[in-house]
Amino acid sequence: MTTLYIKNMVCNRCIMVVESELQKIGIKPSNIKLGEVELENTPTGEQIQHFNKAIESLGFEIIDDKKKRIIEQIKNNPNSRRLLVSAW
């Protein structure tokens with residue numbers, strides 16, 4: 001199973017858009033949540049390039065840097081935001 005991390009997924013509509021773009025290029029997601037897409041099969045490099053190009057035009061992007069991924073996970077998790085504010 002492969003997981004893709006997607007920047008700027010902030011609502012249910014974002015999930016629907018990302019899922020639609022995956023389906024257009026023949027990639028089948030097994031689970032999609034804010035900022036994360038789990039895929040049933042490992043996509044080819046060409047599929048990833050097509051997907052990334054399609055979602056970039058919609059304001060999203062694949063995150064492959066670990067630090068950026070952590071930041072995006074914190075932004076997309078309401079509980080993380082509360083913890084950060086209360087710790088501050």
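Let's start with the loop between S1 and H1, where Asn8 is found. Asn8 is not a glycine, yet its phi is positive, about 75°. Buried means under 20% relative accessible area, exposed means over 50%, and partly exposed is in between, using a 1.4 Å probe and protein chains only.

A word on the source. This is a predicted model, where local features need pLDDT of at least 70 and side-chain atom pairs count only at pLDDT 80 or more, while totals for chains, interfaces and linings use all residues. Residues are numbered from 1 along each chain as its sequence is written, and side-chain values use heavy atoms, with hydrogens and water left out.

Now the layout. The protein has four helices and four strands. Both are DSSP runs, numbered from the N terminus: helices are H or I with at least four residues, strands are E with at least two. From the N terminus on, the order is β-α-β-β-α-β-α-α. Of the 88 residues, 31% count as buried.

Next, the sheet. Four strands form an open sheet in the order S2-S3-S1-S4, with antiparallel pairing. Two strands pair if DSSP finds at least two bridges between them. Which strands sit at the edges? Strand S2 (29–33) and S4, since each pairs on one side only. On average, neighbouring strands are turned by 30° against each other, direction ignored.

Let's walk across the sheet. S2 and S3 are joined by four bridges. Here Asn31 has Glu38 of S3 as its bridge partner. S1 (residues 2–7) and S3 (residues 36–39) are also antiparallel, again with four bridges. Leu4 is partnered there by Val37 in S3. On to S4 (residues 61–63), which pairs with S1 over three bridges. In S4, Ile62 stands opposite Ile6.

Now the helices. H1 lies across S2 and S3, and runs at about 155° to S2. H2 packs on the sheet too, touching S1 and S4, and its direction makes about 125° with that of S4. Angles run from 0 to 180 degrees between N-to-C directions, and axes are lines fitted to C-alpha atoms, for helices over the stretch in contact.

How do H1 and H2 meet? H1 (residues 12–24) and H2 (residues 45–56) pack at an angle of about 145°, with axes 10 Å apart. Val18, Glu21 and Leu22 of H1 make the contact with Phe51, Ala54 and Ile55 of H2. Contact means heavy atoms within 4.5 Å.

Look at Glu21, which is in helix H1. Glu21 is buried, with a relative accessible area of 12%. Beyond its neighbours within four places in sequence, Glu21 is in contact with Phe51, Ala54, Ile55 and Leu58.

Last, the core. A nonpolar core is a set of buried Ala, Val, Leu, Ile, Met, Phe, Trp, Tyr and Cys residues joined through side-chain atoms within 4.5 Å. The largest one has 16 residues, and Ile6, Met9, Val18, Leu22, Val37, Phe51 and Phe60 touch the most other members. Which elements give two or more residues to this core? They are S1, H1, S3 and H2. H1 gives the largest share, five residues. Take Leu22: leaving aside neighbours within four places in sequence, its contacts are Ile27, Pro29, Ile32, Val37, Leu39 and Phe51.
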